[in-house]
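The sequence and the structure are shown below.

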Amino acid sequence: MYLYEAAALGAATLWAMTGLLSAAPAQHLGAIAFNCTRMVLVTLMLCVWVMLTTGWSSVGGGHLLPLVLSGFVGIFMGDTALFLTLNRMGPRRTAMLFSLNAPMSAILGWLLLSEELNSMQIFGIALTFLGVLLAIRFGKRKSQLHKWEDIKGPLWIGILLGFAAALSQSVGSLIARPIMEAGVDPVAASSIRVGVAALGLVVLMRLPFSWVKPAGRFTLPVVGIIAVSGFLGMGVGMTLILFALSGGEVGIVATLSATTPAVMLPMMWWRTREFPAPGAWVGAGLVVAGSALLFAS
């Protein structure tokens with residue numbers, strides 16, 4: 001059981017890294033063009049890996065439709081909303097909004113999958129989520145002036161997009177959970193889900209709307225950063241989440257993966273040279289304590 005929780009925490013760490021890596025190229029190209037490029041590159045990476053490891057044999061005919069639906073909702077809709085939020089709200093606030101998928105998943109798992117959580121697990125989830133909120137809420141001092149703290153456009157639109165990203169991620173995980181329990185190879189499942197998102201984004205970019213077109217030019221450094229971001233976040237991170245879902249409960253997996261904002265704090269300190277407020281570190285400590293309770297239970 002510990003392997004599943006460790007996989008979810010590993011995904012959270014990778015997502016924190018990719019959130020910082022993605023901020024600049026996502027603003028340079030625009031959310032749609034950035035995400036489309038990212039998904040196409042990751043799909044190619046995953047398909048090559050699956051072909052080399054014969055992971056396709058684990059995917060049956062009855063698995064395809066749920067994986068397609070999971071990819072459309074959780075990745076196409078969820079990641080597109082996530083990067084639209086990132087461009088408006090910056091990495092820190094985006095991470096806070098996206099962490100809402102933890103309570104959403106716990107509630108939906110209880111309602112739809114009849115998952116039962118004992119009192120220690122419930123307390124661990126609550127403590128972890130509280131820590132995530134504190135880590136973001138007190139992650140900025142007035143003296144911090146980095147551009148990642150700027151809000152672009154109406155605040156309510158950014159909040160709505162972040163909420164949509166969290167809900168899409170939660171629903172996508174719930175759809176994928178029974179398939180992963182059936183023993184489908186996590187990399188093969190990821191390749192299908194990401195491939196569906198890539199196809200949807202390619203079609204979206206063909207529409208005659210300016211907001212779906214690239215905002216900047218494609219350069220080798222930009223594409224290189226996108227490739228690294230996609231490999232770490234979608235290729236490895238999402239595969240770890242699918243592995244965690246194959247044996248861990250949705251609420252616990254989602255909560256551990258939602259520790260990304262706390263993990264991001266020291267990374268932002270290193271990247272921006274601006275030390276987060278003391279309250280942010282208190283929140284991070286609560287996240288560690290809550291995670292420890294989940295491991296112990």
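Helices (H or I, at least four residues) and strands (E, at least two) are DSSP runs, numbered from the N terminus. This is a predicted model, in which local features need pLDDT of at least 70, side-chain atom pairs count only at pLDDT 80 or more, and totals for chains, interfaces and linings use all residues. Residues are numbered from 1 along each chain as its sequence is written, and side-chain values use heavy atoms, with hydrogens and water left out.

**Largest cavity**

- The largest share of the lining of the largest cavity comes from H3, with eight residues.
- At least two lining residues each are supplied by helix H1 (2–29), helix H3 (61–98), helix H8 (220–245) and helix H10 (260–272).
- The lining comprises 12 nonpolar, 10 polar and two charged residues, where Ala, Val, Leu, Ile, Met, Phe, Trp, Tyr, Cys and Pro count as nonpolar, Asp, Glu, Lys and Arg as charged, and the others, Gly among them, as polar.

**Packing of H2 and H7**

- Helix H2 (residues 31–53) packs with helix H7 (residues 186–205) at an angle of about 145°, their axes 8 Å apart; axes are lines fitted to C-alpha atoms, for helices over the stretch in contact (heavy atoms within 4.5 Å), and angles run from 0 to 180 degrees between N-to-C directions.
- By class, the H2 contact with H7 has 19 nonpolar, five polar and no charged residues.
- Residues of H2 in this contact include Ile32, Met39 and Trp49, and those of H7 include Val187, Leu201 and Met205.
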